[in-house]
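Thank you all for coming. I would like to walk through one structure this morning, starting with the overall picture and then stopping at a few individual residues.

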Amino acid sequence: MNANTRFRSTGDPQLDEAVQQWLSWDMNPRTRAHVRSLVEAGCLEDLRTRLCGRMSFGTAGLRAPMGAGFTRINDLTVIQSTQGLHAYLCRCCVDLGSRGVVVGFDTRGQEDSGCSSQRLARLTAAVMLSRDVPVHLFSSFVPTPYVSYAVKKLGAAAGVMITASHNPKEDNGYKVYWCNGAQISSPHDKEILQSIEEQLEPWSSSCWDEELVDRCSLRTDPLNHINTCYMDEVSSLCFHRDLNLSCSMRFVHSSFHGVGHVFVQQAFYAFGLAPPIPVPEQKDPDPNFSSVHCPNPEEGESVLALSFLLAEREDVCVVLATDPDADRLAVAEKADGCGWKVFTGNELAALLGWWMFFNWKEAHPDPADTQKVYMLSTSVSSRILQTVACTEGFHFEETLPGFKWIGNRIHELTKTGNDVLFAFEESIGFLCGSLLPEKDGVSSAAVVAEMAVYLKNKNLSLKQQLLNIYQTYGHHVSQTSYVVCDDPPTIQNIFHRIRNFDGEASYPKACGGVRIVDVRDVTTGYDSSRPDLRSVLPVTSSHMITFTLQNGVVATLRTSGTEPKIKYYTEFCAAPGDGQVSRLEAELQRVTAALLDEFLEPERNKLIRRSV
């Protein structure tokens, strides 16, 4: 043991071995010093949490707090992850040396650990370059969908985006895209993790050489080329350019201290729309997200206050907000009288799905053409598009939660000549068209703005059009929220209890006094509604159980793939013409409250309810 790796024993041989490995491999002076200080202070539980485990791929890749340790995002774990990815790509891609890898990053950073998304992206590139793999490394921050788009456009073998999207400022992540431009899914995720385990020791000092990207001829910067191509292609989603050019309607846009400002401005220009008015306090990148308590626009009014204030001053009636990596979009509209209507992801999907099909139908009057048209959503999202599809004759499919499943299905469908008009997940993730197999807040912002302009020309608001859609296809009333649980064993116990509610292997038979007619548990592959009792959706390692109630309510409980949350989703679908919305909402609220109290037992399990 050399002087650099000597330390005082913790008294735990397994932990001592982990500390020894960390000090032997980590070349970042800040994270090395942090581990040493924890050893000296005797912080054994903190050390075990950081060093005695590894990250795994969730619905959005590897995601964890930044800082020292094998369970954190830092220089060493990113180098290890990239070495594992390289080894796996070498086995799968014979032309890796000519196709290369795309690498992008957002604007996150942590001063204490010296970890920034840009530095981690450069280290990712350095590992690949050290093995003579070409790297298309963006020279500046980009929206997450740009990496997906670039992988397809450049024919790359894979892509890596360093981002934690809308997570708290302490977090960062490592998102991997396959050669089809979609996020990796099974079996690639498990096999890459196995490959990482086999490549833990950094190969050489070159892996730590951040400056290698500046002097290696195998590194290219795709920023200008990809941005130009993207903006050219995104204009194919613009259907009413002349109206856009002549309309005086204005919009407010917040980029939530992230990457979105410049790109949303350019997308508006591509549509012939006047540039949106940026929220000045949130326009520029800020890794501390200083003006919001949570950098997630999905939280609604509590994080959109500055946008509303600016809109009131400027007499603007529609607010758009992209999350920090600009793959999600929130939309709010000034309500009649006073206040703001913040649209849910399901409500925006109803509007965008209607809009994309409305414009497609204008160009394709032959009903037979719908046989090649698809819309997609995740299984926890509203079934509104399924209802529209049944009426209008196009195809609808649902996937597991996470846009990686949607992205891979888009690839399969377009490869066989089908046209995917729209796809979404309820957590404000939308994709209009099939420009790329990833949710995209940049293009969605421009599409929503054009739709609002068109509706205004017809003397309609977004909310009024949403009501028109519900009157035509039936009201779809939904609720989506979550409880926080920082204790994994408690989460396991909650779902074990649900699966053995009325005895061993017996699910609940009622919720809020309403009989449960069907149960689908994609964790175990069970679906009581099918003759063979097997779920059509693939089995997933995370918990997800869906209940269909006799009164028509559909309710799902699932664990988050990126945060310590149990999410719940409920929906009540009414027949066309049933305008008793208050009755539907009251019944849904009652069943949702029972779902929480009876199945999750928040007080007993010390769950933290979402604060609004």
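Let me begin with a definition: by contact I mean heavy atoms within 4.5 Å. With that in hand, of the contacts in the protein with a separation of 6 or more, 68% are between residues 24 or more positions apart.

Before going further, a word on the source: this is a predicted model, in which local features need pLDDT of at least 70 and side-chain atom pairs count only at pLDDT 80 or more, while totals for chains, interfaces and linings use all residues. Residues are numbered from 1 along each chain as its sequence is written, and side-chain values use heavy atoms, with hydrogens and water left out.

On the overall fold, the protein has 20 helices and 25 strands, where helices (H or I, at least four residues) and strands (E, at least two) are DSSP runs numbered from the N terminus. The radius of gyration is 25 Å, close to the 25 Å that the globule rule gives for 612 residues, so the protein is as compact as a globular protein of that length; the radius is taken over C-alpha atoms, and the rule is 2.2 Å times the number of residues to the power 0.38. The C-alpha trace spans about 75 × 60 × 50 Å along its principal axes.

Turning to burial, 59% of the 612 residues count as buried, which here stands for under 20% relative accessible area, with exposed being over 50% and partly exposed in between (1.4 Å probe, protein chains only).

Phe57 sits in the loop between α3 and β1 (62-65), and it is buried, with a relative accessible area of 14%. Beyond its neighbours within four places in sequence, Phe57 is in contact with residues including Tyr174, Val176 and Ile192.

Helix α3 itself (residues 44-51) contains Arg50, and at 12% relative accessibility Arg50 counts as buried. Setting aside residues up to four places away in sequence, Arg50 touches, among others, His34, Leu38 and Phe70.

Next, the backbone. Most residues other than glycine have a negative phi, and most peptide bonds are trans.

Finally, the cysteines. How many disulfides does a search of the whole structure find? The search finds 0, a disulfide being a pair of cysteine sulfur atoms within 2.5 Å. For Cys90, the nearest cysteine sulfur is that of Cys93, 8.7 Å away, and Cys90 counts as partly exposed at 42% relative accessibility. For Cys573, the nearest cysteine sulfur is that of Cys390, 11 Å away, and Cys573 is partly exposed, with a relative accessible area of 30%.
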